[in-house]
Structure formats: structure tokens, C-alpha cells
Amino acid sequence: MTEDQPVPPRTRTADPGHPDAVVRDNTGRNWDDWCELIEARPDAVDGHTAVASWLQSEHGLDGWWAQAVTVGWERLTGRRLRHQMADGTFTATRSATIAADADALRAKLLDASGRARLFPGEATTLRSRPTSKHVRIALGGGVAELAVAPRGEGRVTVTVSHAKLSTPDDVAYWQAYWADWLQALDER
């Protein structure tokens, strides 16, 4: 390649989660620059936590952007797939604002017979204390955390984060499940 030819962009294994322009505007560097910088570290293979800490201490990124750049680098270089967590498991998420009473929905989620009605045919186990801010239940080989936030006028926002899933196919299945579940809950 000669000097007047541009350097071809890095081959990207997956979408990093944020556009180049957004990363550059918030961190001063684009994805290719961050990838080169991280990969030039002798200990870049130390893992997610080490890279994110290094980005904070050596490059002045705040915690949020250090995490975002680290995850983006992991995705771009094939170290992490979309929806994959640092421990190798996957997380499916869904959220919707629906017509429901927040207290009544929370009570059903906390009660075994209430969960049986909410999740027919699914085995569930409560994994959080009744006083916890969010309700966590074991479901389908993972753990679903449900946040129920009142919105007024008989509406609530339900946010589901279904963690500890084994594969990307599990993510697709549970995202569809939760979308259908939230829609059915809204229609009750």
C-alpha cells in the first residue's frame, strides 16, 4: 500500500453498539483508534475488567464510557457476541408500558400461585426477597429480573432482563417470549 492510499478500515466481527461518530464525540477517538490502542497494550488479554480500568486510569474515560469502549472492542474483535456478558452468558431484555396496577402485578410475581398464573407451563422460583426493589425469578435456565415502575393512570412500565442464558438462540427465544408475555399482560 502506498502513502496516498487510505488504510482500509478494520474488519469488524460485530456491531460495537455505538456509532463511530458518537464514540468519537464522547471519547475523542473512533473505534479503529480505540481498538489499536487497546491491542497495543501488552496485557490486553487480561480481560474486560482490566481493560476498562486501564481506559479509566490511563485515558481518563469515565466508568460508563470505559465499559462501552471495552464492550465495543470485545464485539468488534470477536471476543464478545451481541447480548453476551463478560462471564460468557447472554442476556435478553424487553420493556413495555402496559395497563396494570403496579402493586397487584408485583404481588403476583412474588406469590407462587400468582407466578403460576402469569407463567403457565413454566417452572418458576423466586430468587429475590419480597422487599427487593426488583423481582428476580429463576425461569427457563436463567434468571429474569423484572422491574415494575408505576406511570400513573393505571399504567406501569415493566422492564425484564433475563440473564444467565446459554446461547444467542436462547436470547432470541426469550426476547420473543417476553414481547408476547408483555403484550398478553397488557391485554388482560
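The accessible surface of the protein comes to about 10700 Å², and 50% of that area belongs to carbon and sulfur atoms; areas of this kind come from the Shrake-Rupley method with a 1.4 Å probe, and for residues only the protein chains shown count as cover. Before I go on, please keep in mind that this is a predicted model, in which local features need pLDDT of at least 70 and side-chain atom pairs count only at pLDDT 80 or more, while totals for chains, interfaces and linings use all residues. Residues are numbered from 1 along each chain as its sequence is written, and side-chain values use heavy atoms, with hydrogens and water left out.

Let me stay with the whole chain for a moment. Along its principal axes the C-alpha trace spans about 70 × 35 × 30 Å. The radius of gyration is 21 Å, whereas a compact globule of 188 residues would have one near 16 Å; the radius is taken over C-alpha atoms, and the globule rule is 2.2 Å times the number of residues to the power 0.38.

As for the elements, there are 7 helices and 5 strands, and from the N terminus on they run α-α-α-α-β-α-α-β-β-β-β-α. Both kinds are DSSP runs numbered from the N terminus, where a helix (H or I) has at least four residues and a strand (E) at least two.

Now, which residues of helix H2 are buried? They are Trp 31, Asp 32, Trp 34, Cys 35 and Ile 38. Seen down the axis of H2, these buried residues fall within an arc of 160°, so they line one face of the helix; the arc is that of the directions from the helix axis to the C-beta atoms. In general, an α-helix has 3.6 residues a turn, so residues three or four places apart point the same way. The cover over the buried residues of H2 includes helix H1 (20-27), helix H3 (48-59) and helix H4 (63-76). At the start of H2, a side-chain oxygen of Asn 30 reaches to within 3.1 Å of the backbone nitrogen of Asp 32.

Within H2, which covers residues 31-40, I would like to look at Trp 34. Trp 34 counts as buried because its relative accessibility is 1%. Contact means heavy atoms within 4.5 Å, and, leaving aside neighbours within four places in sequence, Trp 34 is in contact with Val 23, Thr 27, Arg 29, Leu 55, His 59, Leu 61 and Val 69. The side chains of Trp 34 and Thr 27 also make a polar contact of 2.8 Å; that term stands for a pair of N or O atoms within 3.5 Å, where, within protein, one must be able to donate a hydrogen and the other to accept it, and residues adjacent in sequence count only if both atoms are side-chain atoms. Val 69 is 35 residues from Trp 34 in sequence, yet their C-alpha atoms are 7.5 Å apart in space.

That brings us to H4, which is mostly covered, since 11 of its 14 residues are buried, among them Trp 65, Val 69 and Trp 73. What covers the buried residues of H4 includes H1, H2 and H3. At 1.5 Å a residue, its 14 residues should span 20 Å, and this agrees with the end C-alpha atoms, which are 20 Å apart; the expected span is 1.5 Å times one less than the number of residues. The N-terminal end of H4 is capped by Asp 62, whose side-chain oxygen lies 3.1 Å from the backbone nitrogen of Trp 64, and just after H4, Gly 78 takes a positive phi of about 80°.

A polar contact of 2.6 Å joins the side chains of His 48 and Gln 67, and, not counting residues up to four places away in sequence, His 48 touches others including Thr 70, Val 71 and Glu 74.

Finally, Leu 165 lies in strand S5 (residues 155-165) and, at 1% relative accessibility, counts as buried. Leu 165 and Gly 140 are 25 residues apart in sequence and 8.5 Å apart in space, C-alpha to C-alpha.

Methods: Buried < 20%, exposed > 50% of the residue type's maximum accessible area, 1.4 Å probe, protein only.
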